[in-house]
Amino acid sequence: MREDMGRGKKIGVVLMAAIGAAVVLGTAGFGIRSLYVKRENLLMAYEKQLLPGIVCWGDSLTFGTGGNGVSYPSVMEERLWEDRIYIPVVNMGVGGENTVTIAGRAGAIPFKVKAFTIPAGAAGVEISFEEEEGKPVRPLEQSDAGINPCIINGVEGKLTIEKEEDGSRAYFFTRSVPGESVYVPEGTEVETWASSRFEDYIYVVFMGENHGWGSVQELIEQQQAVLAMQKGRQGEYIVIGLPTGTKEERQDLEEQLQAAYGERFLNIREYLSTQGIYDAKKTPTEDDLERMEKGMIPVSLLSDDIHFNETGYRLIGNYLYERMEKLGYFDEMKEAVSEYG
C-alpha cells in the first residue's frame, strides 16, 4: 500500500508539472492540445521505466512473411498503444533461421568461431562458425537483426556475409576501429548486440519450424536458454507453439510444452484450427473445414503452406495480447494510465 501511495504521489507530481508547463504554453497559443501531448509524453516516459518493451524472437513467422506488412508483433504494439501503453514491441524475426541460429542472435547459445586473427587495420577477415552440437549455424542469411555491432575477443566490429551462385557462403568480421592485431582462439564466443539489450523486456519465443532441434526436450532447453537472457522480468514471457501439422502429429510436442510452460504456452495451432476463423468473422470454406477437422490451420488464414496472411497474423497478435493481459503483464502500466487520467 505504501508503494502504491508513493507511486501515485510521484505520478501526481509529474502530471501537475506537465499541467503547469502546459498552462504557460497555452498563453502562447498552444492550449489544450499541448497539454494532451505533454501528458502522453510523460506517461510514455513513466511506462518505459516500468517496462521498456517486449521483444519477439523467431523466424519468418515472427517477421511477418506473407502478411502485407502486418506481423503479430506489430498487432501487439497497435493494441498496446490503443490502451495508451506506449512501449515498443521489437520484432527480432529473421526468415529461414533454425533454433540455434535464433538463440545465437539472442546471445543465449552464443555463436562460436574457429581460430583466426583480427588484423590491425579495418579490413575484413574471413571467419568460420563452429556447429552447435552438429547443427549448422547460419546467421545473416536474410538479416543481421540483433547481431551487429558485435564483439569478438574484446574487439567490436561487424559480421557480414557473401553468397556465391553455387550456394556457398563466406563470413567476414570487420573491426570498427583500427588497433593491434588480436588472435582469437577456437571456440571464442561472439557477443551479439542483442545479448545485453533486452534484459528487462517481456520475451516472446516462437521458433522451431526451421529445425535445429531433435527431441522436444532439446527444443524446450533452447527456448529456456533464450528466456534465461531475461534479468529484470523473469517469468514474464510467452512461448508460442508450432503452427503446422495436425492435432495428432503435434500432440506430444504440445503436451510437453504445456507441461513446461503452463499458461505461458500459446497453442496457436489449436486456436486457429478451432476458433480463430470465426473470431475473424470469416465463413470457412469446405477446404478450411476439412483441415480444421484434422486440427490443421485453415487455408483462409494462410498466405502459403506455412506463413500466415494478414488476418492470420492479426489473430495471433490479438491472442497473444489477451494472454499477456490475462497473466497481468500490463497491470502496472494500466494503473499508470488510470492515474494519469
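1. Which side chain meets Arg169 in a salt bridge? Glu141 does, at 2.4 Å, N to O. A salt bridge here is a side-chain nitrogen of Lys or Arg within 4 Å of a carboxyl oxygen of Asp or Glu. Arg169 lies in strand β8 and Glu141 in the loop between β5 and β6 (150-152), so the pair ties together parts 28 residues apart in sequence. Helices (H or I, at least four residues) and strands (E, at least two) are DSSP runs, numbered from the N terminus.

2. A note on the source. This is a predicted model: local features need pLDDT of at least 70, side-chain atom pairs count only at pLDDT 80 or more, and totals for chains, interfaces and linings use all residues. Residues are numbered from 1 along each chain as its sequence is written, and side-chain values use heavy atoms, with hydrogens and water left out.

3. The structure holds 13 salt bridges. One of them joins the side chains of Arg79 and Glu322 (3.8 Å, N to O). This pair links distant parts of the chain: Arg79 sits in helix α4 (residues 72-82) and Glu322 in helix α11 (residues 310-326), 243 residues apart.

4. Helix α11 also holds Glu310 and Arg314, four residues apart, about one turn of the helix. They form a salt bridge, with the closest N and O atoms 3.2 Å apart. Glu78 is linked with both in a network of salt bridges.

5. Now the sheet. It is open, with six strands in the order β3-β10-β6-β7-β8-β5 and antiparallel pairing. Strands pair if DSSP finds at least two bridges between them. The edge strands are β3 (112-113) and β5 (125-127).
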